[in-house]
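Open the model in your viewer and keep the sequence panel beside it. We will go from stop to stop, selecting residues as we go.

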Amino acid sequence: MLRITYLTRLTNALHSSRAITKWQQPSAALREFHVSAARLKRRKTAEEKKSPRIIEYSPKKAQSANSGASDIWRHMSVAQLSKELQRPLDDVQEAMLYVQGADNIEPAAKLPDLKVIQEIAKKLGAKTRVVATPDTTSEEDQKERDVVPRPPAPPELLQPRPPVVTVMGHVDHGKTTLLDSLRGADVAAGEAGGITQHIGAFTVTLESGEQVTFLDTPGHAAFSAMRARGAVATDIIVLVVAAEDGVMAQTREVIQLAKEAQVPIIVALNKIDKPEADIVSSGEEILDSSYYTQILFQEKSKRELSQMGLTLEDHGGDIQVIPISALKGTNLQMLAEAVSTQATLMGLKADPTDLVEGIVVESKTDPRRGKLSSAIVTRGTLRKGSVLLSGLAHAKVRGLFDHNGQPLNEAPPGTPVEILGWRELPLAGELILEVETEKKAHAVLKYREHEAQREKIESSSDDIRKKEEEHQAKYRAAREARRLAGRFRVRGGQRVKQVDDNEGKPRVSVIIKGDVHGSVEAILDVLETYNSNESCRLDIVHYGVGNVTEGDLELAKAFDAIIYAFSVEAPQPKFTKDVRVHSTNIIYRLIDDLKEQLSSKLPPVEVEEVVGEANVLQNFLINEGRKEVPIAGCRCTKGMLKKAQKFRLLRDGELVFDGPLESMRHLKNEVDTIKKDVECGLRFKDPKVLPQAGDILQCYTTHTEAQQTDWDPGF
C-alpha cells in the first residue's frame, strides 16, 4: 500500500506531465501511477456551488438633486440660455462668436439646434442636460385659449326679457297638468305612466300679453339631477303642493334647491277641488271662480311649509300661496298675475346684442334630424349660422325651432329654443357660448380636451400609483423567487392561469339607450345605488342617447348583455336574434325588470317553516332488549307534530339536538301526527340525547325559495 503524504510537493518535484513509480514487486504486479497538477480536484465551497446564472445586482447610486448640469431644450432663446447657465449675457454672446452656426446673438434670438447650444455651453465650461420645453404660458395666456362668459353689460344696453319660471314639486302633484292648462295643451297624456320623465321648456303668452318661459321638471325621485338643473336655470320657482298630500320628499328637496340657488318661490296649492282636501276658508271672495267664493288654504300644508323655513304671506312673509285646481282651471289667472308681479319686482333684463350665452336644458339624438338640444338663451340673440360651444361639444346652427316644432329666425334672451347642428351631443346643464369663427371653436375645443385629459390624469394619479406599487411588489417577489431557484427552477411549461376574484359570481350586464341625455343620466344615477355586487354583479357595458344600433347588438352578444331601450325605437325582432332587448318608457318599470333579472341570477335559498311545537314534560327510560332507551314525554302546544319532519330540541335557548325521530307514539299506538294539546312519546334517532323536563321541541320543515335581491333604489 502506497502512502503519499505531501502530494503537492511531490508533484512539483516530478515531471510536469507524467511520473512513473515502480515498486520492488513481482513483474506481474507492476502498474503505472500518474500525478499531474491539471488533474487535481477539490470539493467546491458553498459560494462556488451557486448557479453562474444568478446575477447579483448592486443598488443604484442615488443621483444628487444638484448635479451641476444645466437644463437646455430646443428653440430656447439666448437670454434663456444665459439664465440656465447662470452666466452673464455678455459671456454667452462672446462664446457664440466662436461657435459655428450661432450667427444671431440677440437676446431674443432662438437657437433651434441642440448641438449648437451644447457647443456654446462647452465653450463656457458648463455641463448640460436636454429636457422638454417648459410650459411658460401664464394664467392669462391660458384664459385667452378658452372662452368664458362676458362681464355684465352696461345698463344702457339692457332690455326687459321674459322671466324663466320652473314648475317643481313632488311626483303626481299636478305640475304638468298645470302647465297644460296654462298653454292649452295636453302634455301629461303624452308622458308614459302619467309622470313627467323629461325636462321641457316652452313659452306661454298670458292674457295680459306678457310672455313667460316655463320649465317643467320631473317630480320622480330618480330625476334629482334634472330638478337641480331646473333650479339653477330659473328666475322663479312655482312649487306645486297637492292639497290632500301636503309636503312630501321631493317638495323638501325643491325647497332646499331654491334656498341654495337663492331663487324666489311661489306656492301653488293644487287639487283644491278634490273632496279629500282639508281646506279652511279665510273670508275673502275669489272673483274668477263660480264654485268657490272664498280663498281656500290647507292648514296642514301651510304648517309643514312654515316648518321648512318658508315665510308665507299669511304669516307676515313674502311668499305667495295661491290655491288652484290645475285640472279645472281654477284661479290660474291669479297664479299668472303672481308670477308677473314677482318678475316685475325682480326687474329682469338682458343684453340682446353681441355674442350669445345660454344654458342647455336637454339634449337628444333624433333619427332623422340628428343631434338636437333644447336651450334657453340668457344673453345675445341666437341666429342661424352662429358657432356655439358647450363643454366639449360645438355646433354651427343649421336650424332653430320653438317648443311646437315651428322654425324660428332668431331667439332673443329668455326664449326656449331647439338647436339643430351639433357635431357632438352637449350635456344637459352645460353653458352655451358663441364664438366668432369655427377656427376659434376648434382651437378652444382642443384646449378644453387637453385640460380635461390633464385633470383626468391628475384625479387618477393616486389610483395609478397604487396599481403600479402593487405590480412592482408582485414583480419583485417573482424575481426574488426566480433568483433563489437558480439553475434548479423549472423552465418553460404551461403558465398558471390567473384566477379572477369575481370569476364564478353571477352577473348581469346591461346596455342603456335613452331618448335624451337627462333620462340616461337619471337611470345611471339609480344604477349607482346598487350595492349588492357581492351576491350578483351589475355591469354597465355601454350607455348612450339614441336608438339601438347594430353596434349595440354586437356588443350585447359579446358580453351577454341586456339592452334597455328607454323611450327609443327598438330594432325589429329578426335583427335581435340571441339578444335580449327590453323596451320601456317608464323608469320604475325598467328598475323593476332589472331587479327581476338580478334575482333570477341568485341561487335559491333554503327556508325553514315551523310546523309545530311541544313542551317536554318528563323523560322516560324503557328497555329495548338489553338497552335502555330514553323517551321524551311531550305535549303539543302549537300547530302539529309530524313524524316525517325534522325536530329540534332546545334547552334554555341552546340547541341540544337537531334531527329525525325514530318513533312517535300516542298511548301505545305508533302514529304519524300529533295534534295540539295531545300528549305523546317521542324517541329520537340518536339514543345519546337525553331530554329533560322543560325543554322545548320544535317540528319544522325546509324548502327552497327563489332568492330576491336586496337592492333598494329608493322608490
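What volume does the largest cavity have? About 60 Å³. A cavity here is a set of points, on a 1 Å grid over the protein atoms alone, where a 1.4 Å probe fits but cannot get out; lining residues have an atom within 4 Å of a point. Grid points are joined across faces, edges and corners, and a volume is the space filled by probe spheres set on the points.

Before moving on, note that this is a predicted model: local features need pLDDT of at least 70, side-chain atom pairs count only at pLDDT 80 or more, and totals for chains, interfaces and linings use all residues. Residues are numbered from 1 along each chain as its sequence is written, and side-chain values use heavy atoms, with hydrogens and water left out.

**Whole chain**

Colour by secondary structure. The chain has 15 helices and 36 strands. These are DSSP runs numbered from the N terminus: helices are H or I with at least four residues, strands E with at least two. Of the 715 residues, 39% are buried. Buried means under 20% relative accessible area, exposed over 50%, and partly exposed in between (1.4 Å probe, protein chains only).

**Stop 1: the largest cavity**

Select V167, L178, L179, L182, L206, V212, F214, V238, L335, A336 and V339; they line the largest cavity. Now show α6 (175–183), β8 (211–216) and α10 (332–346), each of which supplies at least two lining residues. The lining has eleven nonpolar residues, no polar and no charged ones. In this count Ala, Val, Leu, Ile, Met, Phe, Trp, Tyr, Cys and Pro are nonpolar; Asp, Glu, Lys and Arg are charged; the others, Gly among them, are polar.

**Stop 2: the second largest cavity**

Its volume is about 30 Å³. Select V356, E357, G358, A375, I376, V377, L382, I419 and I432 to see the lining. Which strand gives the most to it? β16 does, with three residues. The lining has seven nonpolar, one polar and one charged residues.

**Stop 3: aromatic pairs**

A search of the whole structure finds two aromatic pairs. Rings of Phe, Tyr and Trp (its six-membered ring) pair if their centres lie within 6.5 Å; planes under 30 degrees apart count as stacked, over 60 as edge-to-face and the rest as tilted.

Select Y530 and W711. Their ring centres are 5.4 Å apart and their planes are at 90°, so the pair is edge-to-face. Y530 is in the loop between α13 (517–527) and β24 (537–545), while W711 is in the segment after β36 (696–705), 181 residues apart. Y530 and W711 are buried.

Next, select F657 and F684. Here the centres are 4.9 Å apart and the planes at 55°, so the pair is tilted. F657 is in strand β31 and F684 in strand β35, 27 residues apart. F657 and F684 are buried.

**Stop 4: charges over rings**

Show R369 with F401. The charged end of R369 sits over the ring of F401, 5.1 Å from its centre. The cut-offs: NZ of Lys or CZ of Arg within 6 Å of the ring centre and within 35 degrees of the ring normal. Then show R648, which lies over the face of Y700 at 4.1 Å from the ring centre.

**Last stop: V130**

Select V130 in strand β4 (residues 127–130). Is V130 buried or partly exposed? V130 is partly exposed, with a relative accessible area of 46%.

How values were computed: 1 Å grid on protein atoms, 1.4 Å probe; cavity = no way out; pocket = protein on both sides within 12 Å on 5 of 7 lines; lining within 4 Å.
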